[in-house]
Amino acid sequence: MPDNAIIRPWGWYVTTLQMPGYKTKVFVVSPGKRLSLQSHAKRKEMWSIVKGEGLCTVGSNLIQVSENSLISVPMGAKHRIENLSPVQDLVVSEVQIGDYVEEDDIVRYEDDFGREG
């Protein structure tokens, strides 16, 4: 894990670039963990699966993903990603595009770790 990684209960992430209107990140979801079901009011996201296997929720769609899968998350759509493996990390490259790409643009609907908002 890089020294500048931000630790979360589901794994960790690193912001690789942030400029006006966009941000790029790499995030790693630990085996058997998942992110909160969430949405963003001010940005859309694109995920490229680098390693591992997972299940993405985007709106009412459930999408199985593995290495080289691409997922588009429209602005305002409820979404999450889950690592289906009991042993291997799920590695995702993320691009955020929007007028505001800060971490506080998150509305959580469900969260395995008791976080609200």
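## Ground rules

Strands here are DSSP runs of E with at least two residues, helices are runs of H or I with at least four residues, and both are numbered from the N terminus. This is a predicted model, where local features need pLDDT of at least 70 and side-chain atom pairs count only at pLDDT 80 or more, while totals for chains, interfaces and linings use all residues. Residues are numbered from 1 along each chain as its sequence is written, and side-chain values use heavy atoms, with hydrogens and water left out.

## The overall build

What does the chain have in the way of helices and strands? It has 0 helices and 11 strands. The radius of gyration (taken over C-alpha atoms) is 13 Å, close to the 13 Å from the globule rule (2.2 Å times the number of residues to the power 0.38) for 117 residues, so the chain is as compact as a globular protein of that length. Along the principal axes, the C-alpha atoms fill a box of roughly 35 × 35 × 30 Å.

Of the 117 residues, 39% count as buried; that label means under 20% relative accessible area with a 1.4 Å probe and protein chains only, with exposed being over 50% and partly exposed in between. The accessible surface (Shrake-Rupley, 1.4 Å probe) comes to about 6400 Å², and 52% of that belongs to carbon and sulfur atoms. As for contacts (heavy atoms within 4.5 Å), take those with a separation of 6 or more: residues 24 or more positions apart account for 66% of them.

## How some strands pair up

Two strands pair if DSSP finds at least two bridges between them. Strand β2 (residues 11-19) runs antiparallel to β3 over 8 bridges, and L17 stands opposite T24 in β3. The two strands form a hairpin with 2 residues between them, and G21 in the turn has a positive phi of about 95 degrees.

β3 also pairs with β10, again in the antiparallel sense and over 8 bridges. Across that pairing, F27 stands opposite V92 in β10.

## The nonpolar cores

A nonpolar core is a set of buried Ala, Val, Leu, Ile, Met, Phe, Trp, Tyr and Cys residues joined through side-chain atoms within 4.5 Å. The largest one has 16 residues, and F27, V29, W47, I71, I81 and V92 have the most contacts inside it. The elements giving two or more residues to this core are β3 (22-29), β5 (43-51), β6 (53-58), β8 (70-73) and β10 (90-98). There's also a second, separate core of 5 residues, including A5, V14, V28 and V91.

Back to I71: leaving out residues up to four places away in sequence, I71 touches E45, M46, W47, C56, V58, I63 and V65.

## Two residues up close

H79 sits in strand β9 (residues 79-83). Is H79 buried or exposed? H79 is buried, with a relative accessible area of 1%. The side chains of H79 and E45 are joined by a polar contact of 3.3 Å, that is, a pair of N or O atoms within 3.5 Å where, within protein, one must be able to donate a hydrogen and the other to accept it, and residues adjacent in sequence count only if both atoms are side-chain atoms. Leaving aside neighbours within four places in sequence, the contacts of H79 include S36, H40, W47, T57 and V73.

W12 belongs to strand β2 and is buried too, at a relative accessible area of 16%. Beyond four places in sequence, W12 touches M1, P2, A5, I6, I7, V26, F27 and V28.
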